[in-house]
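Me: I have a chain open here and want a quick run-through. Can we start with what the terms mean?

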Amino acid sequence: MKSIVRRLKNLLKTVLISGNPWYQYKYQDCSKFWQRFPFNLEVVNLGSSSAFYGFDYSNLPVKAANWAMRPQSFPQDLAILKTYCSYLRPRAIILIALCPYSSCFKNYKDIELEKYYTVLHPGIFENFSMEKCEAVFRIKNSPYRYAARQMLLNGFKMFIVRLLRRHIPAELLDKQPMNAVQLEADSKHWIDGWKKQFNITDMDAFLPEHIVEGRKKRIVVLKEMIAFCKEREFQPVIVLPPVTDYLSSKFSETFRNNYIYSFLEEAGVLDIPFLNYLDDKRFKDPTLYFNSFFLNRTGAGLFSKVVLEDIKNR
């Protein structure tokens with residue numbers, strides 16, 4: 001009887017809380033850190049959205065975990081690595097995933113960082129606030145008590161929109177829903193969005209002063225991440241995941257040198273293995289993606305397998 005009651009409670013919790021679209025959006029990707037990791041992980045990857053979608057180890061004979069979240073920058077990568085490094089085995093491989101604009105600095109707003117209160121050790125959280133932490137956990141643990149309006153109204157609206165649009169979470173997609181025209185438009189949308197986000201007018205011009213200043217902060221954190229790995233005898237590997245031809249064709253050689261390769265050179269990490277898949281012919285098939293940028297489940301499984309094989313064969 002007790003087991004039946006417990007199952008019913010878990011079902012209600014899934015439907016009413018973790019299944020609520022507003023709750024999902026607020027704490028997206030955190031649940032994997034709320035559960036217990038297995039110890040002695042052999043491989044983990046850090047990174048932002050492209051890494052979140054790009055790595056899937058579920059069908060591979062390796063003890064691995066995807067520690068990327070959406071969005072996530074170098075400081076959060078480092079904080080997660082510091083918080084959960086005790087779950088790694090000696091000589092574990094740490095995949096530090098880049099995206100084309102990883103060298104560009106972005107200050108996240110407080111509301112964008114709230115979710116990290118639920119996954120990071122307080123001693124590692126930069127500008128930690130106990131008041132904010134307590135508020136975040138109140139909503140996490142008792143959402144209908146402390147965020148009833150958002151759960152009911154916003155959650156219901158988001159549910160209806162998803163239903164009408166027949167929305168399927170992107171991480172569950174194993175096919176490419178876009179045609180060639182849509183993929184071209186999507187790639188342009190990404191480029192325009194990045195230019196606006198980082199205040200870049202010409203992708204092939206010399207780096208703007210604010211980009212130069214911002215990448216200095218990025219370099220400091222990347223160096224610290226590498227040093228942290230080496231001190232604990234982990235094996236850091238820098239990985240640049242693939243994108244479709246629709247998107248990669250918009251990254252000129254000048255852009256790549258200015259925003260990617262010179263960044264790694266300035267960071268002094270050229271002694272670290274760098275696996276560059278941006279134009280890898282093995283990932284040119286657009287059916288491996290669910291838009292112009294992110295790999296789908298089929299692509300992620302293939303990509304993860306290739307990365308581990310390439311590391312083994314180096």
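Reply: Buried means under 20% relative accessible area. Keep in mind that this is a predicted model.

Me: ok, how much of the protein chain is buried?
Reply: Of its 314 residues, 46% are buried.

Me: and the accessible surface, what does that come to?
Reply: About 17,200 Å² for the protein chain, with 55% of that belonging to carbon and sulfur atoms.

Me: Back to the inside. Which residues touch the most other members of the largest nonpolar core?
Reply: W67, L88, L95, Y101 and L222, out of the 97 residues in that core.

Me: which helix gives the most to this core?
Reply: Helix 11, residues 209-231, which supplies eight residues.

Me: What is L222 in contact with, leaving aside neighbours within four places in sequence?
Reply: F74, I96, F263, L264, A267 and V269.

Me: Switching to the fold. How many helices and strands?
Reply: The protein chain has 14 helices and five strands. Its radius of gyration is 20 Å, close to the 20 Å that the globule rule gives for 314 residues, so the chain is as compact as a globular protein of that length.

Me: what box do the C-alpha atoms fill?
Reply: Roughly 60 × 50 × 40 Å, along the principal axes.

Me: Of the contacts between residues at least 6 apart in sequence, how many join residues at least 24 apart?
Reply: 76% of them.

Notes. Residues are numbered from 1 along each chain as its sequence is written. This is a predicted model: local features need pLDDT of at least 70, side-chain atom pairs count only at pLDDT 80 or more; totals for chains, interfaces and linings use all residues. Side-chain values use heavy atoms; hydrogens and water are left out. A nonpolar core is a set of buried Ala, Val, Leu, Ile, Met, Phe, Trp, Tyr and Cys residues joined through side-chain atoms within 4.5 Å. Buried means under 20% relative accessible area, exposed over 50%, partly exposed in between (1.4 Å probe, protein chains only). Helices (H or I, at least four residues) and strands (E, at least two) are DSSP runs, numbered from the N terminus. Contact means heavy atoms within 4.5 Å. The radius of gyration is taken over C-alpha atoms; the globule rule is 2.2 Å times the number of residues to the power 0.38. Accessible areas come from the Shrake-Rupley method with a 1.4 Å probe; for residues, only the protein chains shown count as cover.
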